[in-house]
Amino acid sequence: MFRARNNRSGLVPIRVAAPGQQGTHISGHALYALHLHSTWALMKRFIPFVKSDPTVAVVRMQGTIAAGSRGTLSDASLRSLLEKAFRKGKPAAVALEINSPGGSPVQSSLIGARIRRLADETEIPVYAFVEDVAASGGYWIASAADEIYADPASILGSIGVISAGFGAHVFLQRQGIERRVYTAGKSKSMLDPFRPESEEDVARLNRLLGQLHETFIHQVKSRRGAKLADNPDLFTGEIWVGQGAVDVGLADHVGHLVPAMKDRFGDKVKFRRYEQRRPFLSRFGAKLTEDALGVIEERAEFARYGL
């Protein structure tokens with residue numbers, strides 16, 4: 001513990017030593033300055049009318065979007081992070097660091113809706129900063145922000161819906177294997193990969209994909225509005241890079257998080273970061289097979305954009 005004592009000439013240094021150590025001289029003036037600094041920091045934190053430096057909460061969103069362990073990002077995994085980001089310490093803004101090739105449309109919708117709900121409840125602006133890619137569901141989440149920033153090389157867009165599978169019925173026939181399926185309801189075995197593809201199944205799937213696509217288009221139009229260019233390729237699944245995304249209205253600026261936030265809130269702006277932590281057991285090699293498959297799927301999604 002440090003102590004300073006007074007005499008007629010003011011504060012004087014005293015000798016402070018821990019057991020078994022040589023003492024050091026601490027200036028009383030230095031202690032007084034430290035006391036003032038601590039008091040001022042305490043006042044800025046707890047007294048409403050004492051202005052403190054602005055803080056931007058930064059939420060990192062990296063990976064594919066899917067429920068459960070299949071994806072890195074889901075509404076459940078981001079719930080607590082987003083709640084803390086918006087409600088802890090009254091931030092001046094929330095910044096989303098996005099690097100995602102997409103994934104589940106439902107999870108993308110839930111995450112985007114949560115961001116907007118919290119932004120409206122707290123009246124805090126949201127800014128999205130795209131790194132390598134914000135495509136498909138990744139762009140859905142980015143569109144929930146009030147403004148979108150991109151790096152000159154960022155990939156944005158892919159406003160469409162995809163369904164992919166495989167067919168193995170020829171292989172089974174060659175191996176002399178007969179598949180037997182029994183259903184109650186003629187649509188229960190739709191697109192069974194071990195049976196020949198039917199025109200009826202494909203037509204039904206296309207209707208479903210069309211409905212999901214319209215939902216995606218509505219989300220982008222409702223968020224971006226008049227910023228969107230009159231471009232016939234905008235909702236075809238096409239992608240744009242950097243300034244090209246700004247030109248068609250999918251982004252607002254080319255820029256990076258720290259300088260952009262300093263331009264808005266001043267050089268003294270502080271950043272409070274939030275990101276997901278890996279489950280405790282997975283840090284020690286648990287669920288290796290499941291984690292490996294997830295990594296392969298995620299790698300394949302990023303590879304679609306040359307990443």
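The dialogue below reads the salt bridges of a predicted model.

Me: Which rules of numbering and confidence apply to this model?

Reply: Residues are numbered from 1 along each chain as its sequence is written, and side-chain values use heavy atoms, with hydrogens and water left out. As the model is predicted, local features need pLDDT of at least 70 and side-chain atom pairs count only at pLDDT 80 or more, whereas totals for chains, interfaces and linings use all residues.

Me: What counts as a salt bridge, and how many does a search of the whole structure find?

Reply: The term stands for a side-chain nitrogen of Lys or Arg within 4 Å of a carboxyl oxygen of Asp or Glu. Searching the whole structure gives twelve salt bridges. One of them joins glutamate 97 to arginine 60, with 3.3 Å between the closest N and O atoms.

Me: Where in the chain do glutamate 97 and arginine 60 lie?

Reply: Helices (H or I, at least four residues) and strands (E, at least two) are DSSP runs, numbered from the N terminus. Glutamate 97 belongs to strand 6 (residues 93-100) and arginine 60 to strand 5 (residues 55-62), so that the pair links distant parts of the chain, 37 residues apart.

Me: Are glutamate 97 and arginine 60 buried or partly exposed?

Reply: Buried means under 20% relative accessible area, exposed over 50%, and partly exposed in between (1.4 Å probe, protein chains only). Glutamate 97, with a relative accessible area of 12%, is buried, while arginine 60, at 22%, counts as partly exposed.

Me: Which parts of the chain does the salt bridge of aspartate 75 and arginine 114 tie together?

Reply: The side chains of aspartate 75 and arginine 114 meet at 2.8 Å, N to O. Because aspartate 75 lies in helix 2 (residues 75-87) and arginine 114 in helix 3 (residues 105-122), the pair ties together parts that are 39 residues apart in sequence. Aspartate 75 is buried at a relative accessible area of 11%, and arginine 114 is buried with a value of 11%.

Me: What is arginine 114 in contact with, leaving aside its neighbours within four places in sequence?

Reply: Contact means heavy atoms within 4.5 Å. With those neighbours left aside, arginine 114 is in contact with Asp75, Arg79, Leu82 and Glu83.

Me: Which helices hold glutamate 121 and arginine 87?

Reply: Glutamate 121 and arginine 87 form a salt bridge through their side chains (2.5 Å, N to O). The pair links distant parts of the chain, with glutamate 121 in helix 3 and arginine 87 in helix 2, 34 residues apart. Arginine 87 counts as partly exposed, at 44% relative accessibility.
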